[in-house]
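Here is a short briefing on the structure shown below. It covers helix packing, the chain contact, overall dimensions and some backbone details.

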Number of protein chains: 2
Amino acid sequence: MNILGIDIGGTKIEVCVAREDGEFLAWRRIPTKAQRGPEPILKEIILTARQLLEEVNLKKDDLTGIGVSAPGPLNPEKGIIYQAPNMPGWVNLPVKKILEDKFGGPVFLENDANASCLAEWKFGAGKGFRDMVFLTMSTGIGGGLILDNRLYRGANFFAGEVGHQYILPEGPVCGCGKRGHLEALCSGSGMTKRLKELVGKEKGQMWEMVLGDLEKLSPEILIEAAKEKDPLACRFLDQTINYLAYGLSNLIFILNPQAIILGTIVAKTEGLIIRPLRRRVNELCWDVLTGELKILPALLTQKPGSYASLSVALEGLGKW
Amino acid sequence: MNILGIDIGGTKIEVCVAREDGEFLAWRRIPTKAQRGPEPILKEIILTARQLLEEVNLKKDDLTGIGVSAPGPLNPEKGIIYQAPNMPGWVNLPVKKILEDKFGGPVFLENDANASCLAEWKFGAGKGFRDMVFLTMSTGIGGGLILDNRLYRGANFFAGEVGHQYILPEGPVCGCGKRGHLEALCSGSGMTKRLKELVGKEKGQMWEMVLGDLEKLSPEILIEAAKEKDPLACRFLDQTINYLAYGLSNLIFILNPQAIILGTIVAKTEGLIIRPLRRRVNELCWDVLTGELKILPALLTQKPGSYASLSVALEGLGKW
């Protein structure tokens, strides 16, 4: 019962060989170097996978399944990546077919947000919840929905785009081109853009921290300044948490989940964001919806891509 | 295969005897007269049901199931109505037990929004969709979610409260006490409240239509004036459609449904609301989400409560 897992990202790729129970037998991270295009990248992935299998004395026939997590949009049924953002040439790429030809099958493909959602549900903070929302705040804001004990994908596999809720209709432009989305306000890139504007105007401690170079501003700088109780950073963080609370509240009213799992930025800052966020969500929602609701940081901060791709295979194989 | 259906509302109650295929054998509507409290109301429901069964020569043993649609919050698993708004005394009422004692079983209970959603899915505009959102705009805004071919209820049966999305954080107070919800802006009562304020200030054709009596303003007056191209009514309707489009867009990004079915006010005005709404939703969402999406008026405007309660029984019996 061995799984090959492949997590494809715009900057790095994780390849792993694991057992069903989540024990990793071999694992490697390689830089994507996306500019070289899909062919050399896929070749390196295949080579790496073969090396890992060799290291642990397994043959391709010893694999029960292969899980692939990749940036969307993609079609998990057909196993095709339609277009991976920031990865030139990744257009209509039949990943499933390519990998099945090399390793035998079956290959399961899922977008990275759904894959991370499955991973947190199977191995992380979401264990045991029947209805949960996973939300990750990195460059963008992605999400995944576990509803009635299964991943909900939607009409054409786009469900869970929780970052594109409208929070502030006249707000800043989102990466997707629309205005006022949650992602435009609370994602890593959205926060950085808003920070630049604010710090450019009001200066203060964060301006000193980056020696006046606004390009150096980041969520990390914000968090550092907020921990030191810089008033500007605290005000900005409060506002960001308020926007995020509105986004979570909409999800709570619409989906009435048992748990919301928050990844990346929130997972790394725990109490600083989650505690005030929780308070604000309690104000914005009905008690009957928040009474039993858990809002938790994601747990899989080590090898997240490996857990994600492993989980995609396990889900595909119906192994839980 | 005969079903007894009971739809309990704050102003009227529908009782029906139907066949599984949706053919109604007998049907009656009675006024709730909610002030008299649950006991006489339940007695009248039971009496009416007995009369209807007699009229069509059926005994309680000929029933395969009983469906009850009622205002929530309620617990469909336990068959208890926790509290029916605007119905004094309907607190922790074991409807399932009461009716099973009288008619045998099994009794299935569902909140009215979910019941109407099931009805539209089984018999109405939602036929054949795997993933759909039902949204009804009457006094409040209720909703139901069919996801992966089944009703999604959420952690404690509150899923689908789509009317309580935040659309305008500083907006008017909602029936639920929070501020800026979709329901506060676009429900029948929300629209009426906003209309009173606007017409009180700007007067115009609608003011003349109600002879200066602001209490007579209603969505119907608005629609009438908008049909006659009254500029104030058209501006108000545009704004309302815009709010509604934001609400639908959030649902589309989060759930990626195949269809959104709109009941009550929208169903009665068809093109006047749905066409501009559709245009605005197309602007606010990605093409990949709206390309195949249907936005449709609900179809079951005749005997909606009977279809709703029948559908609750069919769903409970696993008859589709």
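## Helix packing and chain contact

H8(B) and H10(B) are oblique to each other. This is a predicted model. It scores ipTM 0.96 and pTM 0.96.

**H8 and H10 of chain B**

- Helix H8 of chain B covers residues 231-255, and helix H10 of chain B covers residues 271-284.
- The two pack at an angle of about 55°, and their axes are 9 Å apart.
- H8(B) and H10(B) cross in a right-handed sense.
- On the H8(B) side, the residues that meet H10(B) are Ile241(B), Asn242(B), Leu244(B), Ala245(B), Tyr246(B), Leu248(B) and Ser249(B).
- On the H10(B) side, they are Ile273(B), Pro276(B), Leu277(B), Arg280(B), Val281(B) and Leu284(B).
- By class, this contact of H8(B) with H10(B) has 10 nonpolar, 2 polar and 1 charged residues.

**H3 and H12 of chain B**

- Helix H3 of chain B (residues 112-123) and helix H12 of chain B (residues 304-317) cross at roughly 85°. Their axes come within 7 Å.
- That angle makes H3(B) roughly perpendicular to H12(B).
- H3(B) brings Asp112(B), Ala115(B), Ser116(B), Leu118(B), Ala119(B), Lys122(B) and Phe123(B) to the contact.
- H12(B) meets them with Pro304(B), Tyr307(B), Ala308(B), Ser309(B), Ser311(B), Val312(B), Leu314(B) and Glu315(B).
- By class, the contact of H3(B) with H12(B) has 9 nonpolar, 3 polar and 3 charged residues.

**Where chain B touches chain A**

- Contacts link 33 residues of chain B with 33 residues of chain A.
- On the chain B side, H8 and helix H11 (287-290) each supply at least two residues.
- H8(B) gives the largest share of that side, 7 residues.
- By class, the side of chain B that touches chain A has 20 nonpolar, 8 polar and 5 charged residues.

**Chain A overall**

- Chain A contains 12 helices and 13 strands.
- Its pLDDT averages 95, and 100% of the residues score at least 70.
- The C-alpha trace of chain A spans about 60 × 45 × 35 Å along its principal axes.
- The radius of gyration of chain A is 20 Å. A compact globule of 320 residues would have a value near 20 Å, so the two agree.

**Backbone details**

- Most residues other than glycine have a negative phi, and most peptide bonds are trans.
- Pro73(A) sits in the loop between strand S4 (63-70) and strand S5 (74-75) of chain A.
- Pro73(B) lies in the loop between strand S4 (63-70) and strand S5 (74-75) of chain B.
- Asn92(A) belongs to strand S7 (residues 91-93) of chain A.

Definitions and conventions: Residues numbered from 1 in each chain as written. Chains lettered and ligands numbered in written order. Predicted model: local features only at pLDDT ≥ 70, side-chain atom pairs only at ≥ 80, totals over all residues. Axes fitted to C-alpha atoms, helices over the stretch in contact; angles between N-to-C directions. Helix = DSSP H or I, 4+ residues; strand = E, 2+ residues; numbered from the N terminus. Parallel < 35°, antiparallel > 145°, perpendicular 65-115°, else oblique. Left-handed = near helix turned anticlockwise from the far one by under 90°. Contact = placed C-beta atoms within 7 Å. Nonpolar A, V, L, I, M, F, W, Y, C, P; charged D, E, K, R; others polar. pLDDT = per-residue confidence, 0-100. Rg over C-alpha atoms; globule rule 2.2 N^0.38 Å.
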